[in-house]
Amino acid sequence: MKNILISSLGAKPEIIEETLGLFNYNEQMDYYCSLENVSAMRSKLSHVDEMWLISTDQEHTTKGLSAEESFLKIKKDCEPYDVKFRIFVLKGVQDIVSEKSARQFHDLLLRIVLFAHNCVSGGNLYLSLACGRKTMSTDMQDAAYCFGCDQLVHVLGDNVQSAQPILLGKVSRNEILNMETPLFKNEEYLLCDPQIDFLEKIERKKQEANYFFTSYYLNEKETRSNFHILYTLPPSKIRQLKEDKLGVDKKKKSAELNWLRQLPKTDLHCHLGGVLWPKDIVSVARDNEYYDNVTASSIPEYKEWRENVLPTINVEMAQLKDFCKSTALKLGVPKNNILSPYIRQLVVSGDDALLPFIYGGLCDESKFCGIGIEKYEQLGDAQGSSLLDSLNTICFTLDRFLDKCIKENVKYVEIRCSPLNYVKSSGVPADKIVLQICDILQRKREKIHTSLIFIVSRHRDDTTTEYVELVKQLKGNLIFEEFFRGFDLAGNEGVKSPEELRKSFLEIMKECYNITIHAGEDQPVDNIWQAVYHLNAERIGHGLTLEDNEDLLSKFLQRGIGIEMCPSSNYQIVGFKDNYYPKETGGLKQYPLKKYLEKELLVSINTDDPGISLTDMTHELHKAARMTEGGLSKWDILQLLCNGFRTAFYPYEKKKELIRIAENSLGELIKKGLL
């Protein structure tokens, strides 16, 4: 067993010494002693036993050295590194000056890299891009992608003083290229006859691979493709992605979550009023203490209430919303001036006190199931419009939520909000609140792509008109137009049907805004039909009862209508089977996600109210697998993510950029061997 490092030999042989110095440390020749990250790099590398060089049969370079002279100089200069050298010289080809000579060098390099795999005998093979012409570096990279290597390395900089090593990662072998290993004589300085037949065989196999994937794609009868980059994987990898199931074995939960966390994600269905976890609510309440003090200094009645009345009050979660609303109205203050001090009072004994106050017996996940929409919405009364009643609270909430999304590798999120609900008691104009939200989205845009959607409530007849007027008021504002995408119809489906709202939605349709409708969560499939045919919905929130109408389901497929499923809230509100709780949920119905995937509908996974459901996008994907009989395959998960990117309410050109970001991210995971 031995470790081999391969590099081409260019006109600057000193780069070979710099590259070898990254692997075989010698304190007398450490080029990188001033670089803090090199120690961490070396921990990922092994001592090199042999260094192989590949060169043209150059006579004399600009420095006056032939290939043989350069080789002897390198050997002498690198003696302290304790490494054996070999050089493979392309006989009779003095330089790469034509397509023919370029292909001959490419052929030799490919043969040597495959030969080296046979020689390491369980050791490590390292390939360097640092030396030689650009075509040589390209050839080395191609060899890595053909036959794999344990680390692809590069060294940047024009001289020893500026040398900066980079590890480009492990590259997996392309299983399509199953070639017979070439053989070379065991000589230190070996002249190799130029040829191109090995290169031609590889090119033919690559072409056959393209045909194979086209055939594979058709044979699988997939009319809706997954991410394009996945079809560059070897067939064995694709089979493995389709066979590996998540959400079945509790012992694998941690590893599965770690894998899911690294995938690029979208969240298309998320309400700003429900993003705060209990610990976040406590943070907001404490942050608001300064503003509560300012209010108390100007309103004596509020000061008196806070100091003398509040300590005597004990309100249950079920009465919290009405308590905040009535007290705020009586004292003439925003609702968050009531809610924040009450929360601070609740958690005097510790931050954990808020969790049982909100959830009670529902802290047990197996019992937080099938509680109904009204009880679920009540769990959000410790936040929502009662808390988001000031600019500083809105900013705090949105900023913290986006940071969480970034941590979970969410590349794009659509924020649904009700700015008109946030101004009722605070007196801050709605347009100012919207622009403040857009400002935060703009500040985060280097790390996450975002869009803004206004929520129209089923509970009020006038909200559609009010939001249309708000949009008209903000139209022409560049920052608003950068982020605003459209409207969402939300609220209890039983209050008003889509058909009853058609007239009020006509103004929205005239402006060609995007429309998504909450439908089929806990109501019959007819609500979904009305959302599609009366309100021209481009996406449906939840759509759990769509499976009850096969004709409508087919229409979704034909029109490309997206379905925004939210596993945790669907489980908590409606109730479905969960593989982790077979005893508790065994009598419940099966989640329709798998059927939608099999029908190739554009179904995506989303969080809904992540703070209320105590979830995030990584856990939502895992919950989706747990709620599917037999679990979801990794391929299914990737398809769900792909659907999310494709159905995003994003301008066409921006969406293409967004999908490229996702594809590039998956490409990096492929290089790391995670896909």
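Where is the place of N536? The loop between α22 (526-533) and β14 (539-542) holds N536, and the legends below visit this spot and several others.

This is a predicted model, in which local features need pLDDT of at least 70 and side-chain atom pairs count only at pLDDT 80 or more, while totals for chains, interfaces and linings use all residues. Residues are numbered from 1 along each chain as its sequence is written, and side-chain values use heavy atoms, with hydrogens and water left out.

**View 1. The whole chain, for orientation.** The chain contains 30 helices and 17 strands; helices (H or I, at least four residues) and strands (E, at least two) are DSSP runs, numbered from the N terminus. Its C-alpha trace spans about 95 × 60 × 55 Å along the principal axes. Of the 675 residues, 55% are buried; buried means under 20% relative accessible area, exposed over 50%, and partly exposed in between (1.4 Å probe, protein chains only).

**View 2. Positive phi at N536 and H542.** Most residues other than glycine have a negative phi. N536, however, has a phi near 55 degrees, a positive value. H542, also not a glycine, has a positive phi of about 80 degrees and lies in strand β14. H542 has a relative accessible area of 1%, so it is buried.

**View 3. Helices α11 and α12 crossing.** The axes of α11 (residues 300-309) and α12 (residues 320-331) come within 9 Å and cross at roughly 140 degrees. Axes here are lines fitted to C-alpha atoms, for helices over the stretch in contact, and angles run from 0 to 180 degrees between N-to-C directions. That angle makes α11 oblique to α12; under 35 degrees counts as roughly parallel, over 145 as roughly antiparallel, 65 to 115 as roughly perpendicular, and the rest as oblique. In α11, E301, Y302 and W305 meet F323, T327 and L331 of α12, where contact means heavy atoms within 4.5 Å.

View 4. Side chains of opposite charge can pair when their charged atoms come close. R443 and D439 meet in a salt bridge (3.4 Å, N to O), defined as a side-chain nitrogen of Lys or Arg within 4 Å of a carboxyl oxygen of Asp or Glu. Both residues lie in helix α18 (residues 430-443), 4 residues apart, about one turn of the helix. R443 is exposed, with a relative accessible area of 52%, whereas D439 is partly exposed at 28%.

View 5. K472 pairs with E507, their closest N and O atoms being 3.4 Å apart. This pair links distant parts of the chain, 35 residues apart: K472 is in helix α19 (residues 463-474) and E507 in helix α21 (residues 502-510). K472 is partly exposed at 43% relative accessibility, and E507 is partly exposed at 28%. For K475 and E511, the closest N and O atoms are 3.1 Å apart.

**View 6. A network of salt bridges.** E414, R416, D488, R539 and E564 are linked in this network. The structure holds 31 salt bridges.
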